[in-house]
Amino acid sequence: MKEPERFMTGAAHDHFFVSTKSDSIFKRFARRPKCRALALALLTLTIIGGVQTPLWSAGVTDIIWLESNSTAGNSILAFKNDGSGNPTFLGSTPAGGIGVFDKTFALGPFDSDQNLIVNDDGTLLFAVNSGSNSIAVFRITPHGLQAVQGSPFGSGGSDPVSLGLKGDILAVVNKDQDPAQNANLILPNYTAFRVLSDGQLIPIENSTVPVAYNSSPSQALTAFRGPFLFGADFFGGLLQSFRIDEDGRLHQNPPQALPNSVFAGQTAGHQPLGMRTHPNLPILYVDITPISEVAVYRYDERGVLSFVRTVKDSGAAPCWAVVNHAGTRLYATNTGDNSIAVYDLTDPLDPVEIQHFVMDATTGAPFSTVIDQSDEFIYVSSEQSSANSTPAGNAFHTLKVNPDGTLTEPFSPTALPIGGNMPVRAQGISVFGTK
């Protein structure tokens, strides 16, 4: 098999190769923080043949990861952004499990966010293997991803789709909508694991909270402020909130339905989906997909939600959302018209739309969205959304954030290097900034 084909099919364990000599140099210098930069420079100079570069080489602004989500073997795809906004493919690492595929492209099975996430210091990557009910955990090293001992770990349910991290507690949503597993009739759930210092996952006793069958929970959102977890049961029409105690157990608050007043005169389903919390205030933003509105909620010292208002989204079918780290802008990703609605959060309880930005077209639709630590780039995964979509629908957008928070798209979407004959629908996107 030729080298490029090996990476496109997910057959390679790592796309980054360093000599034994360079590896030992890095280990020796990396023990001393002041020498870390020197170690990385030496590592860069000793790459075999000079073809590949390590993750944290000079000039790299962001590392971006996505999942292939192949039913033949799930892989983590890595790209780098050197600051220009034009990403470069770095390689593919097997996740030790399989993805999911629904040939009908119906609502539910593919509707999820935070399929893979990175911890705050950029040392660990967590990813779902939705079709094999497991969570893969990798150490992020200067020369690629390395699976931690014992990875992948059982997810505590069927069809894990979303992950949230609060300190050393990993929250998992098990959706139970994989078409290949639905005959098992296992209740979907929210559950939690403790992350050990080496990255291994330990299930937390009495932390699993089941929800109704076919309620389609879609996101495990941990709050910026407070020990709380929020979830949206997409088909159940409910918002879930949990307090995470000192032992990592999830204490469920009463689930809340979206207010009936929001749907007055409409026949649309009461279906919440993407969510984000404000970085500095106890506020939760929720996309209401069928009516193209964004709901605003407060939450109290127990994580209990109270509805404030909704605001209109001029795009179609908002599904996912991010808030910048400064807390000044909210970005809602509109799957229905391939756009981003940008909101001014001068009054964080009353977002004001300031831009309706339509992205370059792919044959797919936009889904998961992340913003880098510098608030300079937003990355949006594009995924095949119908039986008529071509493999080019598996791509991602790199959006440049202007000083006023509005968006431009300086380059065409980046098509994912996915090959083979098995069904693939890429999912999830995560980023870690190096500056």
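In strand S26, Val352 is the bridge partner of Asp344. The model is a predicted one, in which local features require pLDDT of at least 70 and side-chain atom pairs count only at pLDDT 80 or more, whereas totals for chains, interfaces and linings use all residues. Residues are numbered from 1 along each chain as its sequence is written, and side-chain values use heavy atoms, with hydrogens and water left out. Strands S25 and S26 run antiparallel and are joined by 6 bridges; two strands are taken to pair if DSSP finds at least two bridges between them. Helices (H or I, at least four residues) and strands (E, at least two) are DSSP runs, numbered from the N terminus.

On the other pairing examined for S25, strand S24 (residues 329-334) is antiparallel to S25 over 6 bridges, and Asn334 has Ser339 in S25 as its bridge partner. S24 and S25 form a hairpin with 4 residues between them. In the turn of this hairpin, Asn338 has a positive phi of about 60 degrees. Strand S25 (residues 339-344) is largely enclosed by the rest of the structure, because 5 of its 6 residues are buried. Buried denotes under 20% relative accessible area, exposed over 50%, and partly exposed in between (1.4 Å probe, protein chains only).

Phe357 belongs to strand S26 (residues 352-358) and is buried, with a relative accessible area of 13%. When residues up to four places away in sequence are not counted, Phe357 touches Asn338, Ser339, Ile340, Leu399, Leu407, Thr408 and Glu409, contact being defined as heavy atoms within 4.5 Å. The C-alpha atoms of Phe357 and Thr408 are 7.8 Å apart in space, although the two residues are 51 residues apart in sequence.

Over the whole chain, the secondary structure comes to 3 helices and 32 strands. Of the 435 residues, 58% count as buried. Residues 24 or more positions apart account for 53% of the contacts with a separation of 6 or more. Gly428, in strand S32 (residues 427-433), is buried, with a relative accessible area of 0%. Beyond four places in sequence, Gly428 touches Trp65, Leu66, Glu67, Asn115, Leu116, Ser368, Ser381 and Glu383. Gly428 and Ser162 are 266 residues apart in sequence and 9.0 Å apart in space, C-alpha to C-alpha.

An open sheet of 4 strands has the order S19-S20-S21-S22, with antiparallel pairing. Strand S19 (272-277) and strand S22 (305-312) stand at the edges, each with a single partner strand, so one side of each is left without a neighbour in the sheet. From one strand to the next, the twist averages 25 degrees (axes are lines fitted to C-alpha atoms, for helices over the stretch in contact, and angles run from 0 to 180 degrees between N-to-C directions). The antiparallel strands S21 and S22 are joined by 7 bridges, and Arg298 has Ser306 in S22 as its bridge partner.

The largest nonpolar core contains 18 residues, of which Phe230, Leu239, Met275, Leu284 and Tyr297 touch the most other members. Strand S15 (228-233), strand S20 (283-288) and strand S21 (293-299) are the elements that give two or more residues to this core. A nonpolar core is a set of buried Ala, Val, Leu, Ile, Met, Phe, Trp, Tyr and Cys residues joined through side-chain atoms within 4.5 Å. Leaving aside neighbours within four places in sequence, the contacts of Leu284 include Leu221, Phe230, Met275 and Tyr297. A second, separate core of 15 residues includes Ala78, Leu125, Ala136 and Phe138.

Rings of Phe, Tyr and Trp (its six-membered ring) pair if their centres lie within 6.5 Å; planes under 30 degrees apart count as stacked, over 60 as edge-to-face and the rest as tilted. By this rule there are 13 aromatic pairs. One of them is the tilted pair of Trp320 and Phe367, with 6.5 Å centre to centre and 40 degrees between the planes. This pair links distant parts of the chain, with Trp320 in strand S23 (residues 318-323) and Phe367 in strand S27 (residues 365-371), 47 residues apart. Trp320 counts as buried at 0% relative accessibility, and Phe367 is buried at 6%. Phe377 and Tyr379 form a stacked pair, with 6.3 Å centre to centre and 25 degrees between the planes. Both Phe377 and Tyr379 belong to one aromatic cluster with Phe79, Phe89 and Phe396.

Charged side chains also lie over two of these rings. A charge sits over a ring if NZ of Lys or CZ of Arg is within 6 Å of the ring centre and within 35 degrees of the ring normal. Lys400 lies over the face of Phe377, at 5.3 Å from the ring centre, and the charged end of Arg425 sits over the ring of Phe367, 4.5 Å from its centre.
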